[in-house]
Amino acid sequence: MRNTRKNGFTLVELLVVIAIIGVLVALLLPAVQMAREAARRMQCGNNLKQLGLALQNYGDKWKESMGWQNDCGNMRGNLNGTPAQVLLNAPTNHWNNLSWIYSVLPYMEQQGIYDNVIKDRQYLLFEQPQEIKESVIDTLLCPSNTQDAVRNNQRPGYRHGGNGRRSLAACTDYSGNLGHIWGGWKDCRAVPTDWGVRVVAPGMPPDSAAAFNPFRRSGGQEGTPWVNGDILGQMPRCNGMFRYHGRVRLRDALDGTAHTVMVFEDMHWRGGNRPDRPHDKRSCDDAAWLSSIGAINSMRNPINNTNKAWLQNQGDRRCHGWSSNHPSGAQCVMADGSVQFVYETIDHLTRYQIGVRNDQQPTNFPQ
């Protein structure tokens with residue numbers, strides 16, 4: 001007698017299989033997401049490596065100089081520097097405000113963009129052809145960033161945004177290190193000015209009044225110097241690898257190129273200090289790669305600073321800094337071209353030491 005029973009799954013068996021698949025997916029999904037983030041972080045590190053190599057190659061040609069940064073602020077009639085260098089052969093002091101990124105484009109295989117940027121114009125970003133100011137350069141964008149590559153309301157430079165002259169422009173997720181400074185548009189007053197750290201020389205008593213306070217705001221070189229972006233004579237106070245205006249050379253990294261940050265991740269977050277709102281990860285108005293204010297920043301603010309007590313109003317460009325969407329930290333390229341991942345829990349003194357090129361303070365970072 002023939003068995004007429006059909007082979008197949010019962011409803012219970014099917015539900016069990018579906019449940020098992022669901023559990024496996026739930027277990028595997030975080031691993032897949034972690035793998036994807038690891039790949040994005042690696043690509044981000046490669047971008048920083050390429051920027052480091054571009055700066056090194058630029059330096060080989062221009063006597064160890066880092067990329068030329070050109071932003072004179074409102075320097076007209078307020079020189080305190082070398083008058084012959086202020087006009088820069090342009091009709092007004094507000095012209096030619098281009099970032100250091102522009103200067104190294106030929107070393108990033110971007111000669112075409114470099115050749116077609118309009119120079120000698122006031123409000124330079126605003127005056128560019130649309131295809132230039134919206135030119136997206138993948139090397140300048142971290143894959144972990146969720147912001148658009150081209151962003152609204154970007155300013156041409158420091159104090160160069162008057163009369164509504166802002167523009168849609170391609171942006172950068174990386175900033176050149178101005179050092180550990182308190183400067184124009186880099187002066188977030190909510191960030192503490194004293195972390196309770198004192199550095200004493202060998203043989204000096206720990207409570208010595210002469211102990212060095214690296215976080216003390218000052219008008220000169222000591223501590224965290226004030227740098228007025230409008231005054232040419234204050235540019236040497238920038239103690240990192242870049243200035244608002246001018247250049248720093250590799251040989252100026254007296255603490256060693258392996259111990260000084262050159263370029264770091266900077267998502268230009270709008271932030272905000274309202275306790276009833278999440279941290280705003282949209283972009284501020286100072287992120288355009290061509291803009292002379294978009295590609296530089298101070299290392300004074302803590303990494304991934306989302307502490308409401310250390311932030312100001314939403315969109316306050318003074319309070320963003322070293323930041324990323326990578327879990328627990330952010331990356332940088334050192335002046336010797338090596339790429340480092342730095343945890344956001346880094347102590348403030350070490351952050352100061354790797355941010356300043358000539359503080360003469362020993363540091364164990366990087367290994």
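The model is predicted: local features need pLDDT of at least 70, side-chain atom pairs count only at pLDDT 80 or more, and totals for chains, interfaces and linings use all residues. Residues are numbered from 1 along each chain as its sequence is written, and side-chain values use heavy atoms, with hydrogens and water left out.

**Helix α6**

- Helices (H or I, at least four residues) and strands (E, at least two) are DSSP runs, numbered from the N terminus.
- Among the buried residues of α6 are Leu 349, Arg 351, Tyr 352 and Ile 354.
- The cover over the buried residues of α6 includes β3 (174–177), β6 (224–227) and β7 (261–265).
- Asp 347 caps the N-terminal end of α6, with a side-chain oxygen 3.2 Å from the backbone nitrogen of Leu 349.

**Sheet β4-β6-β5**

- An open sheet is formed by 3 strands in the order β4-β6-β5, with parallel pairing; two strands pair if DSSP finds at least two bridges between them.
- Its edge strands, β4 (182–183) and β5 (217–218), each pair on one side only.
- The parallel pairing of β4 and β6 runs over 2 bridges, and Gly 183 stands opposite Val 227 in β6.

**Loop between β4 and β5**

- Asp 187 is found in the loop between β4 and β5 and counts as buried at 9% relative accessibility.
- Leaving aside residues up to four places away in sequence, Asp 187 touches Trp 182, Trp 226 and Arg 318 (contact means heavy atoms within 4.5 Å).
- Trp 185 is also found in the loop between β4 and β5; with a relative accessible area of 13%, Trp 185 is buried.
- Although not a glycine, Trp 185 has a positive phi of about 65 degrees.

**Loop between β10 and β11**

- Ser 328 lies in the loop between β10 (296–297) and β11 (329–334) and is partly exposed at 41% relative accessibility.
- Ser 328 is not a glycine, yet has a positive phi of about 80 degrees.

Conventions: Buried < 20%, exposed > 50% of the residue type's maximum accessible area, 1.4 Å probe, protein only. Polar contact = N/O pair within 3.5 Å; in protein donor to acceptor, adjacent residues only side chain to side chain.
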